[in-house]
Amino acid sequence: MKKTVFNERLTKALTGALSFSCAISAFAADKTESQSGDAVRLEKILVTESWTPNFKSLNTSELTGKTIARKQSYTSDTAALFDDVPGFSRYGSGGLSSLPVIHGLNDDRVKVQINGMSITSACANHMNPPLSYIDLRNVEQATVVAGITPVSLGGDSLGGTIILDSITPRFATAEEGAIFGGSISSFYRTNGEAFGGSVTLNAAGEHMALSYTGSHTESDNYKAGGGFEVKSSQYEAQNHSMTLALGNDDHLLVVNAGQQNIPRQGFPNARMDMVDNDSTFGNVRYKGKFGWGDLETRFYYEHTEHEMNFLEDKRPGDMPMKTKGNNLGYQIKAEIPLSDRDTLRIGNEYHRNELDDWWPPVAGSMMMEPDIFWNVRNGERDRIGTFAEWDARWSEEWSSLLGLRHDHVSMNADTVQPYSSTSMMQRADQRAAGTFNARSRDRTDDNFDVTALVRYTPNDTSHFEAGYARKNRSPNLYERYAWGLGSMAMYMNGWFGDGNGYVGDPDLEPEVAHTISATFGWHDAQQQEWDVRITPYYTYVEDYIDVDRCPVTAGTPCTAANLAATDGFVFLKFANHDAQLYGVDFSGKALLGDTRFGRFTGSGVLGYVRGENLDTGDNLYHMMPVNGKLTVDHQWGGWNNAVELQLVASKTDVADVRNELKTGGYALVNLRTGYEWKHVRIDAGLDNLLDKNYDLPLGGAYLGARPFVYGTALPGMGRSAYVGVTLTF
C-alpha cells in the first residue's frame, strides 16, 4: 500500500516538475526569439557557484579557499566553519555532529543544503544532522545567510540558511589540453590524540573533468580543562566522493556520488551513542545559460542506515536501535532578466523523506523482548514547493528583493508496536500504541512564505538594509509520531542533549515566524581598512514547537511529581506555543597597521539573543548567552598568525520546563599560525592556551558515563595543540 501511495505521489511530483519545466521552455522560446541577437555567452560555468540572488543580504557570509583550509587542522566538525559568523552558534553533540543555531533558531529551523541536497536526520537523537554528511576537508565554498532568507534558497525553515559546496573539478583551457593535479593533507591534535587526512585527485580536459576526494578522521575521548576525561566523546569517520563534470561555454552537467561510514561516534550529552552510520548519495545537476536567462535543475537521492547503542565507556550491555532513512528530490530554478532593472526567479522543488526507526529485541531482557519495538514505522514526509522572486535595482542607491513561496507538506506513518503485547512491564507503551494506532495519522500543511528586503546605499561609506519575512516550518516525523509513554521509550527520543524524555503529538501545527530585521553598516570607501555593522532583529513565532511537562497519566512516568519537579530529568511532550526571539549582532574590523613587518588587522563579533515562551513566560531552550570574539591577525608574505580571545557570559536565563542547567562565564585564548610556500601549507596552533575548565552553555547535560546523574553540565575541551600539512600538486 505504501509503495502504491509513494508511486502516486512521486508521479504527481514529477508531472508537476515536467509541467513547470515545459512552461519555462515555452517562455524561453518566446524570449529567445525576441532577443536572439542579445544572447550573452557564458565563458565558463563554475561548478561551485551556488544558487544565490544578485541581491545578497548584508548578513550573508561566504567562506572560501584559505579561510576554510585554516580551520581544517583544528576541528573535524563542519558546523565549526561558521563560529566567526555574527549571530551563529552551535550546541554540543558528537565530535562530528554539532547542530547549528542562527539567532536562537536551531536544528531543523535552519535550512541546510549540501550540494543543493536537503537531508533530514535519520535518528531519534539527531546524531546524523545534515552538516555531518560532508567532511570539512571536502568543503570548497560555504555560505551562511544569518537572518532573513530569500525564498529562492528554500522553504520549510524559520531561521537562516547554510549552503555548502564540495570540492569540484576544474576544466582545462584549450591551450592546456589535459591537466592533472590534486592535494594530500594530514593533521594531528594532542587533545584526544585526533588525527586524519584527505586526498583529492583531479583530471580534466577542455569539456570534461573528473575528481575524487577521500578522507579519514578519528579521535579518542577529549579532556576538559584540568585533565578530566569527557567519556563518550570519541569518533571515527571515512568519506568518499567522486564528481564528473561535462560542459561547454553555456551548459554544464555535473554527476556527483559518494559514500560515508561512521563506525563510532560518542555523544557525551545523550543516553546513547552512534555505533554505525552508513550513507550513500547520488546527485545530478544541470546548469545552462540561454538568451532568455539561466536554468538550473537537480535530482538527488540519499540513503542512510544508522544504529545507536552504547560505547564501552558509557555502559556495558546491549540495546540496539536502528534507523533507515531516504531523502530524494528535485529542483528546477530559472533566473530571467526582464530588464536592466528587474530580474525574475521562479522555481519548483520536491523533497521526500522516508523513515523507519525500530529497536530489535534483546534476548534475555525482561524489558526488551520478544518483539521489535517500532518507534516510527514507514514514516513519510513529502514537500512540494514553488516560488517566485523579484529582484529590482531602482537606482544606484536603492534596490529591493520581494519573494513569495508555497510549500505543500504531507506526512503519514503506519501502526506501531511495543516490545511486548502481554508483558506487565510494557503496559504504558501498550496503551500508548493502541491509542496511536486507532487514530488517523495523515497530516497535510499548506505553508506560505513571504520575504521583502530593501537596501539603501547613500554613499561610498555606508549601507543600510531592512526586511520582513514570514517563514513556516512543519513538524518533523519525530515531533509528530514519537508515541511511546514508557520511561525508556521517552528517554530514547530527544535531540536536545538535556537527558529528558520526549513524546510527540500528531496534532502539532506548523510554526509560523514573523521576522523584522535591519542592518546598519559603515566602512571606508574602498572597504579595505575598516567596517562596522549592527543588526538588531525581532521574531514572533506562532505555534512555536516547544514542550510541556507531559500530562498526568496513570501507569506512566507522567506523574504529578514530574509536573512539579524543579531538578532532575523530566518527561516532556511537544506542544505549540507562541514565542518571541530578539537580539542584536555587532561585527567590525579595522586595519591596525601596515608595516615592513606585515599587515595587522583587528576584528570582533558580539552577539546577544533572548527567547521567551509567551504563553508560559518561560525562557526558550538553547539560547546562547552574550558572547564575543576578538581577533588580531598578522599577515607577512606567506605567513599568517592570529591571536583570538573568546568571551562568553554566564548563562542564567534557562528553560525551567526542561530543568536546563545554568553555566558560568569564561574566556579562552587561542593561538594560530600558518605558512604557505609554493605547493606546501603548514598550520599549527594552540586552542584554550590556558587550559581553562568551563562548561558549554549550549552543551546540555553530561551523560558520558553511567550512572546518569542530573546536575553536571557538559564541559568544553581543554588545551589542544595541533599541526596540519597540505601538499598540492
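**Sheets, a disulfide and aromatic pairs in a predicted model**

Strand 6 (residues 139–145) and strand 7 (residues 161–166) run antiparallel and are joined by 6 bridges, and within this pairing Val139 has Ser166 of strand 7 as its bridge partner. The model described here is predicted.

Strand 2 is joined by 4 bridges to strand 3 (residues 99–102), the two running antiparallel, and the bridge partner of Arg90 in strand 3 is Pro100.

Turning to the cysteines, the structure holds 1 disulfide. This disulfide is formed by Cys550 and Cys558, whose sulfur atoms lie 2.0 Å apart, and both of these residues are buried. The torsion about the S-S bond of Cys550 and Cys558 is about -110°, and the disulfide is therefore left-handed. Cys123, with a relative accessibility of 0%, also counts as buried.

His463 is found in strand 20 (residues 462–473) and is buried, with a relative accessible area of 8%. When residues up to four places away in sequence are not counted, His463 touches Leu58, Tyr456, Thr457, Thr519, Phe520, Gly521, His523 and Arg533. Arg681, in turn, has its place in strand 29 (residues 680–687) and is likewise buried, its relative accessible area being 7%. The side chain of Arg681 makes a polar contact, at 2.8 Å, with the side chain of Asp683. With neighbours within four places in sequence left aside, the residues in contact with Arg681 are Arg70, Asn640, Tyr675, Glu676, Gly724, Val725 and Thr726.

Aromatic rings were examined as well, and the structure holds 27 aromatic pairs. In one of them, the rings of Phe228 and Tyr702 have their centres 5.8 Å apart and their planes at 75°; since planes over 60 degrees apart count as edge-to-face, the pair falls into that class. This pair links distant parts of the chain, as Phe228 lies in the loop between strand 10 (208–219) and strand 11 (235–247), while Tyr702 lies in the loop between strand 29 and strand 30 (720–728), the two residues being 474 residues apart. Phe228 counts as partly exposed at 43% relative accessibility, whereas Tyr702, at 12%, counts as buried. The rings of Trp390 and Trp394 also form an edge-to-face pair, with their centres 5.6 Å apart and their planes at 75°. Trp390 is partly exposed, with a relative accessible area of 33%, and Trp394 counts as partly exposed at 43% relative accessibility. Finally, one aromatic cluster is formed by Tyr478, Trp495, Phe496, Tyr502, Phe574 and Tyr621.

Methods: Residues are numbered from 1 along each chain as its sequence is written. This is a predicted model: local features need pLDDT of at least 70, side-chain atom pairs count only at pLDDT 80 or more; totals for chains, interfaces and linings use all residues. Side-chain values use heavy atoms; hydrogens and water are left out. Two strands pair if DSSP finds at least two bridges between them. A disulfide is a pair of cysteine sulfur atoms within 2.5 Å. Buried means under 20% relative accessible area, exposed over 50%, partly exposed in between (1.4 Å probe, protein chains only). Contact means heavy atoms within 4.5 Å. A polar contact is a pair of N or O atoms within 3.5 Å; within protein, one must be able to donate a hydrogen and the other to accept it, and residues adjacent in sequence count only if both atoms are side-chain atoms. Rings of Phe, Tyr and Trp (its six-membered ring) pair if their centres lie within 6.5 Å; planes under 30 degrees apart count as stacked, over 60 as edge-to-face and the rest as tilted.
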